[in-house]
Amino acid sequence: MNGHSTVGWIARGTAVGGIAALVLVFPLTRSGIEVNIFTEAVIYAIIGLSLNVLLGYAGQISLGHQAFVGIGAFTSAYMTSVHEQNFVAALGVTMVVGAVQALLLGVVSLRITGLYFALVTLAYGRMAENSLFNITSFTGGSTGQAAPKPAAFASDYRYYYLCLAVLAIVLFIDWRLTSTKTGRALLAIRQDPRVAASFGASLKRYTLIAFVTSGVFASVAGALLAHNTTSVVSSQFDFRLALVFVIMTVVGGLRSRAGVVVGSVFFALTDYLFDRLHLSVAINAIPVLPDLSPDLAPLVVGPLLLIFTLTRHPGGFGEMLRPFGRWLRREPSPHTEIDLRDGERVHA
Amino acid sequence: MRQALVIGVVAGSGYGLIALGLVLVYKSSGIFNFAQGEFGTVAVFALWGAHSAGVPYGVAMLLGLGAALASGLVTERFVVRPLFAAPRVTLLVATAGVSLFAIGAELWLGHSQLRFVAPALGRLDRMSVFGFHVSDQRLLVIATLVALAVAGAAFFARTNLGLAVLGLSQNPLATELMGISAERLSRFTWGTAAVLGGLGGILSAPLAGGFGPGFVTLSSLIPAFTAAVLGGMNSLPGALVGGIVVGVAESVTVSSPLFSEHVPGAPSVVVFALLVAVLTFRPQGLLGPRSGLAAPAERAR
């Protein structure tokens, strides 16, 4: 009855085909500079998923994620340009650095939780920004560090597909993470650590797994970001970026892969869309207000969307996309089902 | 070294002023208010705007405090109140959003250029400590902080309103049943906290080498939080002491050649280390009781 008809199949096929065309074919029709922007959006999706592991699965908020991404970016740039390693070797080192860093912060998070942990990560991000990113031999000082694209993916288009492939791998790992024992343990720990512990779920072990996964995702995203623009400058990674990361993940919808990806892509493309849709022109036409440059758009629009999401629509984009996902998978609509997620919000 | 002490005490007083507002909001509602710094920046922008338009300094200061009060009340009405029953982490994210919005709006309306604002009191050499002249503005910052911390502590210890605020944080339902309006109290605490942030901003901005969008958040929010944590997060005098400890720790480190030459961004390293150390080894704060955590009753989860 529901979607078993030929029309239903055609509609579903068109929807999937349309999305695939938009993601896979549309960028080929655009200029290299625009493809760089799309690549950045793909990388933002990886960052959003990284934050989703911490915030959504482990229930720990990170306000210092720009440091994770930044350290990944600088490590990869440093390895490829100063030590002249190839891209894959550099990526390996970057992942190890990201994992170790996340492991250390995870150990801290076992003692310091909730609001205090958010504060620690904020201070960590600021420290990385002011201190680590100013070590000239590592980051190249104010001129930045060069990060050449890998030879096999030197064209902007090829690099875009490389990033898409990495995103697919990250999505796969994330899916495995949630659908296995680890995912169920994390869910139980988030809902009630004591009950989970009494059933033998080791808080320590699973929290650290979540942190390391998140750290590796973030450092890989950083490396991809560095080589996308072929150079990294420390001023790219200031604390406003960390807030934008948190906002895009929450607006996207915690624990919803599709939502987080859409949310992250939306925030990465805000300034591009602002420019394309001539929204800044429209705003600049208002006589009293000064000109709004598109790169400020995420800072002004993002928080408004965040407050709207938190107060009116806690599920974010993910919740809005859920009926569409059900339709695609031919699942019946859940009229009789009791939605356990009802009323669920960001958990500490 | 001695000069570093004096500089540290003055800088720390600025942190202490911001920390007072953080403690007030935390004490009354268990919220970590990441917008506290931006209440200060908004006040500084209003002061600068009014003063450069020819308004007398005293009136401009009042306008600055008014702007801070307005932003505090707007935040309370449109962000805090709708999320009153939400987990505290949700509110933390929301106030961080408010802070980002304020920075975005300041960049939009004011651009990122560096501005300068004159001090309220101009004389530079009234007092000399360890052979180091302390300007009147610096004395004003210290005096304001001490007066407010003492007044705040007395407010919570001796007045009915103070007791009501504490009651609300411990048991909102029982407090409401006593005929106390939670809404009015929430407005009161956020308004007061915003004015404290505004005061911190407009008193310390003239001492810094210029200000820009996000000035107070970038320069003082993390040290102020560290100060509040050092004070046990619940104590106004604790925030004062914590602020001075953070300020002195920063300036002593910067003045020692070992750090200033080999470690870039030494102050933020020190603040981070201090924060982690306190939370790990003495989570109840320097002045807190020997046992018991500073964590409040995590309510309405």
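User: What is the mean pLDDT of chain A?
Analyst: This is a predicted model, and chain A has a mean pLDDT of 86, with 94% of its residues at 70 or more.

User: Helix 5 of chain A next. Mostly covered or mostly open?
Analyst: Mostly covered, as 16 of the 17 residues in helix 5 of chain A are buried. Helix 5 of chain A runs over residues 114–130 and reaches 25 Å from first C-alpha to last, close to the expected 24 Å.

User: Switching to the interface. How many residues of chain B are in contact with chain A?
Analyst: 36 residues of chain B, against 41 residues of chain A. Helix 4 of chain B brings the largest share of chain B's side, 17 residues.

User: What is that side of chain B made of, nonpolar, polar or charged?
Analyst: On the side of chain B that touches chain A, 29 residues are nonpolar, 6 polar and 1 charged.

User: How many helices and strands are in chain B overall?
Analyst: Chain B has 12 helices and 2 strands. Its radius of gyration is 19 Å, close to the 19 Å from the globule rule for 301 residues, so chain B is as compact as a globular protein of that length.

User: What share of chain B is buried?
Analyst: 52% of the 301 residues of chain B count as buried.

Conventions: Residues are numbered from 1 along each chain as its sequence is written. Chains are lettered from A and ligands numbered from 1 in the order in which they are written. This is a predicted model: local features need pLDDT of at least 70, side-chain atom pairs count only at pLDDT 80 or more; totals for chains, interfaces and linings use all residues. pLDDT is the predictor's confidence in each residue, from 0 to 100. Helices (H or I, at least four residues) and strands (E, at least two) are DSSP runs, numbered from the N terminus. The expected span of a helix is 1.5 Å times one less than its number of residues. A residue is buried if 20 or more other C-beta atoms lie within 10 Å of its own, exposed if 12 or fewer, and partly exposed in between; C-beta atoms are placed from the backbone. Two residues are in contact if their C-beta atoms, placed from the backbone, lie within 7 Å. Ala, Val, Leu, Ile, Met, Phe, Trp, Tyr, Cys and Pro count as nonpolar, Asp, Glu, Lys and Arg as charged, and the others, Gly among them, as polar. The radius of gyration is taken over C-alpha atoms; the globule rule is 2.2 Å times the number of residues to the power 0.38.
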